[in-house]
Amino acid sequence: MTKSVFEELGLQDSKALEAKGMLAAEILKTIRQRGLTQKEAATLAGSTQSKISRICRAELDGFSTEKLIQVLTGLGRDVTVEVGKRVNKTRPGQLTVAAA
């Protein structure tokens, strides 16, 4: 199994960082697919243009996973959170984001 860049760097919260990166990528993809400006996206998402700009540049410090999900839903995307049984009993549970 390949490691994410965050795991390779040895960051403790690598799974959370990876999830936030994937959510940000989906935000950028949605903005591009819909042909929105950052200002238009911000209005739809209940945010500001500067925050949308930061998300699009993957400057995610200060953005929670919850906030990124709020932006996605504001942009008209459905987001599903699924809680399942832990696969590997020797480690804590993990957060995974998958785009449909």
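User: What should I keep in mind about the model itself?

Analyst: This is a predicted model, in which local features need pLDDT of at least 70 and side-chain atom pairs count only at pLDDT 80 or more, while totals for chains, interfaces and linings use all residues. Residues are numbered from 1 along each chain as its sequence is written, and side-chain values use heavy atoms, with hydrogens and water left out.

User: How many salt bridges does the structure hold, and which residues are linked in a network?

Analyst: The structure holds three salt bridges, and a network of them links Glu 26, Lys 29 and Arg 77. Glu 26 pairs with Lys 29, their closest N and O atoms being 3.9 Å apart, and both residues lie in helix 2 (residues 14–34), three residues apart, or about one turn of the helix. Helices here are DSSP runs (H or I, at least four residues), as strands are (E, at least two), numbered from the N terminus. Glu 26 also pairs with Arg 77, with closest N and O atoms 3.1 Å apart. Because Glu 26 lies in helix 2 and Arg 77 in the segment after helix 5 (65–74), this pair ties together parts that are 51 residues apart in sequence.

User: Turning to helix packing, at roughly what angle do the axes of helix 3 and helix 4 cross?

Analyst: Axes are lines fitted to C-alpha atoms, for helices over the stretch in contact, and angles run from 0 to 180 degrees between N-to-C directions. The axes of helix 3 (residues 38–45) and helix 4 (residues 49–56) cross at roughly 105 degrees and come within 8 Å. Helix 3 is therefore roughly perpendicular to helix 4, a label for angles of 65 to 115 degrees, with those under 35 roughly parallel, those over 145 roughly antiparallel and the rest oblique.

User: Which residues make the contact between helix 3 and helix 4?

Analyst: Contact means heavy atoms within 4.5 Å, and on this basis helix 3 contributes Gln 38, Lys 39, Ala 41 and Ala 42, while helix 4 contributes Gln 49, Ile 52, Ser 53 and Cys 56. By class there are four nonpolar, three polar and one charged residues, with Ala, Val, Leu, Ile, Met, Phe, Trp, Tyr, Cys and Pro counted as nonpolar, Asp, Glu, Lys and Arg as charged, and the others, Gly among them, as polar. Gln 38 is partly exposed at 27% and, leaving aside neighbours within four places in sequence, is in contact with Gln 49, Ile 52, Ser 53 and Cys 56. The C-alpha atoms of Gln 38 and Ser 53 are 6.6 Å apart; those of Lys 39 and Ser 53 are separated by 9.0 Å, and Lys 39 is exposed at 63%.

User: Finally, how many residues does the largest nonpolar core have?

Analyst: In soluble globular proteins, nonpolar side chains tend to be buried together. The largest nonpolar core in this model has 18 residues, and those with the most contacts inside it are Ile 27, Ile 31, Ile 52, Ile 55, Leu 68, Val 71 and Leu 75; such a core is a set of buried Ala, Val, Leu, Ile, Met, Phe, Trp, Tyr and Cys residues joined through side-chain atoms within 4.5 Å. Helices 2, 3, 4 and 5 each give two or more residues to this core, with helix 2 giving the most, at five residues.

Terms used. Salt bridge = Lys/Arg side-chain N within 4 Å of Asp/Glu carboxyl O. Buried < 20%, exposed > 50% of the residue type's maximum accessible area, 1.4 Å probe, protein only.
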